[in-house]
Amino acid sequence: MSATGSTAALTPPAVMARKGDVPLVCLTAYTTPVARLVDPYCDIVLVGDSVGMVLHGLPTTLGVTLDMMILHGQAVRRGIKRALLVVDMPFGSYEESPQQAFHNAARLMAETGCAAVKLEGGEPMAETIGFLTRRGIPVMAHVGLTPQAVNSFGGYKVQGRGKKGGIVERDARAVAEAGAFAVVLEKVPEPLARRITQDIAVPTIGIGASPACDGQILVVDDMLGMFETFRPKFVRRYAELGRDAERAIAAYADDVRERRFPSPEHVFADQPATSKKAGTE
Ligand code: KIV
């Protein structure tokens, strides 16, 4: 039994059925230990291409490759029992044609064991989303601020303010009607996210959007205080692990320099202690 009270793995249709119900809890994960931590509490675990910035120190998500997503997808898969595992399609792996998208999404699914992929883009990606979903690849869409388009947007700006709200609304409607089982709404004005949530038939997953969304997602390193490069307004910090880790590392460095570490309990005698079983040292 998990922290959410269920033992069975969630499926894309089960996620779709949660429209208007208890909000879907979603987090990113990139490694097995973090996947094990988040799985009991989450409905969806996303191996986001944010991995490039968060774990690999890249300046944007544009340098993330399919091989990186496969490697991290495999690691996360080993830590997941209950949540729906979704893996991001990286920049350049799906935009060229529906066929290119199918080829790479099929690789992601076959090699990671994920149950769905996520791709960025609204109306222009609707044809591709339809192509994939009709061929057995569940797709989570991502509209509003789509970080892979950071150069076109000129930065990580709020999308859909004022009259531009119509563009995001059209995008969300187009991807939902094309067959996406859920739509991530990133960094859009609250009233717009609320309107879209009422308007489309599939769950919306907000990140810098609205509490009215059908679910929420955060980058796990952001909410744990592990990623300092950006501190977006939409992140609530639930821990300060980065600060705590720095304190621990500084204490270790002091102990080594002052010869306080290792201490007697961390070193080995010439002969094993007779009371200890073999292999316990
Ligand atoms: O890459 C990512 O982590 C994402 C989420 C923030 C939605 O796309």
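**The ligand and its surroundings**

Author: The shell around the ligand divides into 3 nonpolar, 4 polar and 3 charged residues; here Ala, Val, Leu, Ile, Met, Phe, Trp, Tyr, Cys and Pro count as nonpolar, Asp, Glu, Lys and Arg as charged, and the others, Gly among them, as polar. This is a predicted model, in which local features need pLDDT of at least 70 and side-chain atom pairs count only at pLDDT 80 or more, while totals for chains, interfaces and linings use all residues. Residues are numbered from 1 along each chain as its sequence is written, and side-chain values use heavy atoms, with hydrogens and water left out.

The residues around the ligand are T28, L46, G48, D49, S50, D88, K118, H142, I207 and V219; a residue is near a molecule if one of its heavy atoms lies within 4 Å of it. For K118, an N or O atom of the side chain is 2.9 Å from a ligand oxygen. For D49, the corresponding distance is 3.0 Å, and for D88 a polar side-chain atom lies 3.2 Å from an oxygen atom of the ligand. Taken alone, the ligand exposes 260 Å², of which the protein buries 95%; such areas come from the Shrake-Rupley method with a 1.4 Å probe.

T28, one of the residues around the ligand, belongs to strand β1; strands are DSSP runs (E, at least two residues) and helices are DSSP runs (H or I, at least four), numbered from the N terminus. T28 counts as buried because its relative accessibility is 3%, buried meaning under 20% relative accessible area (1.4 Å probe, protein chains only). The side chain of T28 also makes a polar contact of 3.2 Å with that of Y30. A polar contact is a pair of N or O atoms within 3.5 Å; within protein, one must be able to donate a hydrogen and the other to accept it, and residues adjacent in sequence count only if both atoms are side-chain atoms.

Of the 281 residues in the chain, 48% are buried.

Terms used:
Buried < 20%, exposed > 50% of the residue type's maximum accessible area, 1.4 Å probe, protein only.
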